[in-house]
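Keep the model open alongside as you read.

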Amino acid sequence: MTAKKNDTKTPKKEFPETFGQLVEEYPELKGLPELVPARDFNAEQSADFTVLLTLLDTQMPELDTKDDSMDAALLVARVVSISNDFYKGLAKDEKAYEQWATGRDGNVLFSAFLALSMFYRVELGKIRSVEDATKLPGRTDLRLQTLLQPDMPAAIHEYDGGLVSSCRFVGL
């Protein structure tokens, strides 16, 4: 007689949708002060987060394959250092953030920063989805239209919906 297979599905655990839920669900984030929401990132914060995500995306897959524990430790230290600088800059209360980060084990901080980075990646994805849904096909950005009026001596070679890939101004 064979054992009966359990057909009940294990419910998928949802990733936290709010900062409060994130802090509540991940014990390593307990006591973390409020951070700037992704929707309020300034240009520098957006650029710094891109650097952090690129570091995580390119280096993290190699962490498990590191044969040398020193190489792994250096990678973790690099992620913690860059993440700490970034998240300290997002803290609404920098002193409270410094108190939260002080005296913590590097591995605990590493885990905390990975959770935060995933949260912000998801948040920025939601913002991008909303922005994409509100764009009308075939319409150019109003700011670009204002900047490059037809009577201005300019030639647009390509417009990809968000960035001018090549723009040449003549006679200025």
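Leaving aside its neighbours within four places in sequence, which residues is Ser 83 in contact with? They are Leu 52 and Phe 113, where contact means heavy atoms within 4.5 Å. Ser 83 itself sits in helix H3, residues 69-90; helices here are DSSP runs of H or I with at least four residues, strands are runs of E with at least two, and both are numbered from the N terminus. Ser 83 is buried, at a relative accessible area of 1%. Buried means under 20% relative accessible area, exposed means over 50%, and partly exposed is in between, using a 1.4 Å probe and protein chains only.

A word on what you're looking at. This is a predicted model, where local features need pLDDT of at least 70 and side-chain atom pairs count only at pLDDT 80 or more, while totals for chains, interfaces and linings use all residues. Residues are numbered from 1 along each chain as its sequence is written, and side-chain values use heavy atoms, with hydrogens and water left out.

Stepping back, the chain has six helices and two strands, running α-α-α-α-α-α-β-β from the N terminus. Of its 172 residues, 27% are buried. Among contacts with a separation of 6 or more, 61% join residues 24 or more positions apart.

Next, have a look at helix H4, residues 94-101, where Tyr 97, Trp 100 and Ala 101 are buried. Down the axis of H4, those buried residues fall within an arc of 90° (taken from the directions from the helix axis to the C-beta atoms), so they line one face of the helix. Lys 95 and Gln 99, on the other side of H4, are exposed. At the start of H4, a side-chain oxygen of Asp 93 comes to within 3.2 Å of the backbone nitrogen of Lys 95. After H4 comes Gly 103, with a positive phi near 80°.

Not counting residues up to four places away in sequence, Glu 28 touches Trp 100, Arg 104, Val 108, Ser 111 and Ala 112. Is Glu 28 buried or exposed? It's buried, yet has no salt bridge, meaning a side-chain nitrogen of Lys or Arg within 4 Å of a carboxyl oxygen of Asp or Glu. The nearest side chain of opposite charge, Arg 104, is 7.5 Å away. What the side chain of Glu 28 does make is a polar contact with the side chain of Ser 111, at 2.7 Å. A polar contact is a pair of N or O atoms within 3.5 Å; within protein, one must be able to donate a hydrogen and the other to accept it, and residues adjacent in sequence count only if both atoms are side-chain atoms.

Note on methods:
Lys and Arg count as positive and Asp and Glu as negative; His and the chain ends are not counted.
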